[in-house]
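Visitor: Hi! Could you walk me through this one while I look at it on screen?
Guide: Happy to, let's bring it up.

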Amino acid sequence: MSDLLITGAKVLGDKAADVLVRDGVIAAVGSAGASAEREGHRLVVVPADGLVLLPGLVDLHTHLREPGREDAETVATGSGAAAAGGFTAVLAMANTSPVTDTAEAAERVLDLGRGAGLADVAPIGAVSKGLEGAELAELGLMARSRARVRVFSDDGRCVHDARLMRRALDYVKAFGGVISQHAQDPRLADGAACCHEGEISGRLGLPAWPAVAEEAVVARDVQLARHTGSRVHIAHVSTAASVEVIRWAKAQGIVVTAEVTPHHLALGTELLGEQRGRGVLVDDRFDPDEPVAFDGDRDAATTRADHDHARIEQ
């Protein structure tokens, strides 16, 4: 097998260097090209001047739509887009048709990813059967399957029943699982809600989403995580108060992680009034009056930036 030599890349954003890859493993960093030539190895050279070389990125939040909505996306097209963006592994949400709520369904997604061969695709299992929020899905069977599911989510819907959420957290603790929560109280913001509740939504007559619909669920779930000693992940955090709750929970030693998404950082409801977005995370579903200060290095209130990749339907 030929060795791969990446030349001139800024390794981890630092100084430019050559990187020699041998049999799929990094063998040398620095003047790797000269040493490889001296050893007589065949080289495939990849010039990377001005580029940054990073480990493969992992996206915890994607919607690959297969099976059931192949007209919108497939595992192959979604993982291909991931690979093109530097993501070597993606986790596929369970809201497919049929729902990924059994071991067989999880293994099918795993096999589709392996068949595409573009990036590692790991299925996320549903928390509840059919995403209905009434009865736990086959969490243990999915965890023991070939897919070895460790993240569970009803994303697209909230696990709004506190008893079911507590049971799910208790159950996954046994095998180191995580519950990823789509924090949206359906009694405060139903499926029709499309933007921040405020002056603009009122003026345009749009069904709106008050910040408390997210914040109340986040506050409840970090307390449930503390009570059970289990792990909870908050998907697509979008309000200042949610960030403060997560920051507080981490300070208490509660095992909570969270993510923000590019669209929640860059877009605000002011765009609905044909104004430019301000490019910051703001309170109350992007009320532009109260920007939130983030410092991932110092307080790590949110620990990831994930895409919530989903093909937009016209």
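Guide: Let's begin with a helix. Arg203 and Glu199 are four residues apart in helix α6 (residues 199–204), so about one helical turn separates them. Helices here are DSSP runs of H or I with at least four residues, strands are runs of E with at least two, and both are numbered from the N terminus. This is a predicted model, in which local features need pLDDT of at least 70 and side-chain atom pairs count only at pLDDT 80 or more, while totals for chains, interfaces and linings use all residues. Residues are numbered from 1 along each chain as its sequence is written, and side-chain values use heavy atoms, with hydrogens and water left out.

Visitor: OK, and what do the side chains of Arg203 and Glu199 form?
Guide: They meet in a salt bridge, at 3.0 Å from N to O. The term means a side-chain nitrogen of Lys or Arg within 4 Å of a carboxyl oxygen of Asp or Glu.

Visitor: Are Arg203 and Glu199 buried or exposed?
Guide: Both Arg203 and Glu199 are exposed. The cut-offs are under 20% relative accessible area for buried, over 50% for exposed, and partly exposed in between (1.4 Å probe, protein chains only).

Visitor: How many salt bridges are there in the whole structure?
Guide: A search of the whole structure gives nine. One of them joins Asp71 and Arg69, at 2.8 Å from N to O. Asp71 counts as exposed because its relative accessibility is 63%, and Arg69 counts as partly exposed at 32%.

Visitor: What about Arg220, which residue does it bridge to?
Guide: Arg220 pairs with Asp221, and their closest N and O atoms are 2.8 Å apart. Asp221 is buried, with a relative accessible area of 0%, whereas Arg220 is partly exposed at 21%.

Visitor: Nice. Which residues are linked in a network of salt bridges?
Guide: Glu107, Asp111 and Arg146 are linked that way. Glu107 is also among the buried residues of helix α3.

Visitor: Tell me about α3, then. How many residues does it have?
Guide: Helix α3 covers residues 103–116, which makes 14 residues. From first C-alpha to last it reaches 20 Å, close to the 20 Å expected at 1.5 Å a residue. The expected span is 1.5 Å times one less than the number of residues.

Visitor: Which residues of α3 are buried, and what covers them?
Guide: The buried ones are Ala103, Ala105, Ala106, Glu107, Val109, Leu110 and Gly113. Their cover includes α2 (75–84), β7 (87–92), β8 (120–123) and α4 (139–144), with contact meaning heavy atoms within 4.5 Å. Arg108 is in helix α3 too, and it counts as partly exposed at 43% relative accessibility. Arg108 and Pro67 are 41 residues apart in sequence, with 8.8 Å between their C-alphas.

Visitor: And what comes just after α3?
Guide: Gly117, which takes a positive phi of about 65°. There is a glycine with positive phi after α8 as well: Gly253, near 85°.

Visitor: How long is α8?
Guide: Helix α8 (residues 240–251) has 12 residues and reaches 17 Å, close to the 16 Å expected. Its buried residues are Ala240, Ser242, Val243, Ile246 and Ala249.

Visitor: Switching topic: how many aromatic pairs does the structure hold?
Guide: Two. Phe152 and Phe175 make an edge-to-face pair, 6.1 Å centre to centre with 65° between the planes. Rings of Phe, Tyr and Trp (its six-membered ring) pair if their centres lie within 6.5 Å; planes under 30 degrees apart are stacked, over 60 edge-to-face, and the rest tilted.

Visitor: Where do Phe152 and Phe175 lie?
Guide: Phe152 is in strand β9 (residues 151–153) and Phe175 in the loop between α5 (162–173) and β10 (178–181), so the pair ties together parts that are 23 residues apart in sequence. Phe152 is buried at 0% relative accessible area, while Phe175 is partly exposed at 21%.

Visitor: And which residues form the other pair?
Guide: Tyr171 and Phe175, also edge-to-face, at 6.4 Å centre to centre and 70° between the planes. Tyr171 counts as partly exposed, at 40% relative accessibility. Phe152, Tyr171 and Phe175 form one aromatic cluster.
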